Protein chains: 2
Amino acid sequence: MAKNAILLLSGGLDSTTLTAMAQAQGFNICALTIDYGQRHNIEIEAARTVARTFDVARHVVLPIDLRAFGGSALTDNIPVPKGRTNDEIEGAIPITYVPARNTIFLSLALGWAETMDSGDLFIGVNARDYSGYPDCRGEFIQAYETMANLATQGAVEGRLPVKIHTPLIDMTKGEIIRAGTALGVDYGQTRSCYDPDDAGRACGECDSCQLRLKGFSEAGLADPTPYQDRN
Amino acid sequence: MAKNAILLLSGGLDSTTLTAMAQAQGFNICALTIDYGQRHNIEIEAARTVARTFDVARHVVLPIDLRAFGGSALTDNIPVPKGRTNDEIEGAIPITYVPARNTIFLSLALGWAETMDSGDLFIGVNARDYSGYPDCRGEFIQAYETMANLATQGAVEGRLPVKIHTPLIDMTKGEIIRAGTALGVDYGQTRSCYDPDDAGRACGECDSCQLRLKGFSEAGLADPTPYQDRN
């Protein structure tokens, strides 16, 4: 019987590719989408579409209002930075950083994993073409896994050792897009933009859009996403 | 100026004593109460009362519905075990265990800490008179602290190293109650019972009530909590 895995699905390019990879590895996917008051809420709808397309075993959209804490352009009324160069994007930790986001998301996934008799967690972190978030790095993931193996009943009893799967961590955006395309991912269903317009069209200028466009360019493929300036 | 600290406040005996201790150490307390769909919801009201009594700097009650995952007598419709002996309580991990609870709670505290320019987290875990939860042990806390120092912008930049304060971890319940009493804690404001009646009176028989009663007995003090059978 297929093993359950909890997979953090944002509805973006990375986590959708991750879903295709985990399914190709034979896991029974329990997709977890966190509705954390992000202003790019269109991601949630993209996640629902992706979950249906892959016919995942379960999809939970968990509301948790991180706006209670404030402190990020993704959840506060701080303007999303636009038109930054790649060096700027890859240099400093940006204002779009959500405090402890991956720590919080992995912890919620860990809680669900235990109730699903699973120790397998998938997260689409990427330490190569990324935005400088500390919680996307391999050393963070390793420390998280060590902690998680001391945290849960299943792990402590040796029944369910926790393994954090990060197959995208060393891939470029172009490599991720090529891998997903080979697995049949329809990137038209995914959303990356931090600041889409009311029609859901991407801005093309925020860090996330720029990394996405660079990835498609590297992969030599067309991005099926609708953009504000180009359609 | 006093340093901010994020303190996980359930409204129970341990976290209320913890609040008194952190305040005595001079911290500016930001109390975080998680409303996770627990059925002993009276705890939330106790937490509000305690927060007011200590005049904390901020108190956030964050709703997060862990019932979406299921798997615990505290959030599912599974009967709370009653009348267990101390050996039974201290032996196995009980059904009232909430999967990855402290991992989730500390992660939320970590997110808030970063927005409050704080690296100091207080949690009232206790590895002595406890219910066998793996995420109450010192080795879990140490691994969590290591992970947290790789997770946040402030820690990675060296500005806000994360320290998890667990002053109760090696104390017996009796010692905790004596320490809190010396600091002026009014234990009549705290609630411990997993299964109170509609009037908020404690059952006196669940694991949490039994540990509490044993603690007051050890401390040689009367428990001001209203109990169902005794009032």
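This is a predicted model: local features need pLDDT of at least 70, side-chain atom pairs count only at pLDDT 80 or more; totals for chains, interfaces and linings use all residues.

Read from the N terminus on, the elements of chain A follow the order β-α-β-α-β-α-α-β-α-α-β-α-α.

What order do the five strands take in the open sheet of chain A? Across the sheet they stand as β3-β2-β1-β4-β5, and their pairing is parallel. Strands of a sheet pair through backbone hydrogen bonds, and this can happen in a parallel or an antiparallel manner. Because β3 (58-63) and β5 (163-165) of chain A each have a single partner strand, they stand at the edges, and one side of each is left without a neighbour in the sheet. From one strand to the next, the twist averages 25°. As an example of the pairing, strand β1 (residues 4-8) of chain A is joined by three bridges to strand β4 (residues 120-122) of chain A, the two running parallel, and A5(A) has D120(A) as its bridge partner in β4(A). Helix α2 (residues 42-53) of chain A lies across β2 (28-35) and β3 of chain A, and it runs at about 170° to β2(A).

Is α1(A) largely enclosed by the rest of the structure, or largely left open? A residue counts as buried if 20 or more other C-beta atoms lie within 10 Å of its own, and nine of the twelve residues of α1(A) are buried, so this helix is largely enclosed by the rest of the structure. Among the buried residues are L13(A), D14(A), L18(A) and M21(A). The elements that cover the buried residues of α1(A) include β1, β2, α2, β4, α7 (173-182) and α8 (207-219) of chain A. After α1(A) comes G26(A), whose phi is positive, near 95°. Over the whole of chain A, buried residues make up 52% of the 231 residues.

The next step is to bring in the second copy. Chain B can be laid on chain A with an RMSD of 0.0 Å by a turn of 180° and a shift of 0.0 Å along the axis, and the two copies are thus related as by a two-fold rotation axis. Of the residues of chain B, the one that comes closest to this axis is I64(B), whose C-alpha is at 2.8 Å.

Where the chains touch, 34 residues of chain B are in contact with 34 residues of chain A. The elements that give two or more residues to this side of chain B are β3 (58-63), α4 (101-115), α5 (138-151) and α6 (153-156) of chain B, and α4(B) gives the most, with nine residues. By class, this side of chain B has 22 nonpolar, nine polar and three charged residues. Since 100% of the interface residues of chain B are also interface residues in chain A, the copies meet through the same surface.

Terms used:
Residues are numbered from 1 along each chain as its sequence is written. Chains are lettered from A and ligands numbered from 1 in the order in which they are written. Two strands pair if DSSP finds at least two bridges between them. Helices (H or I, at least four residues) and strands (E, at least two) are DSSP runs, numbered from the N terminus. Axes are lines fitted to C-alpha atoms, for helices over the stretch in contact, and angles run from 0 to 180 degrees between N-to-C directions. Two residues are in contact if their C-beta atoms, placed from the backbone, lie within 7 Å. Ala, Val, Leu, Ile, Met, Phe, Trp, Tyr, Cys and Pro count as nonpolar, Asp, Glu, Lys and Arg as charged, and the others, Gly among them, as polar. Copies are superposed by least squares on the C-alpha atoms of residues with pLDDT of at least 70 in both.
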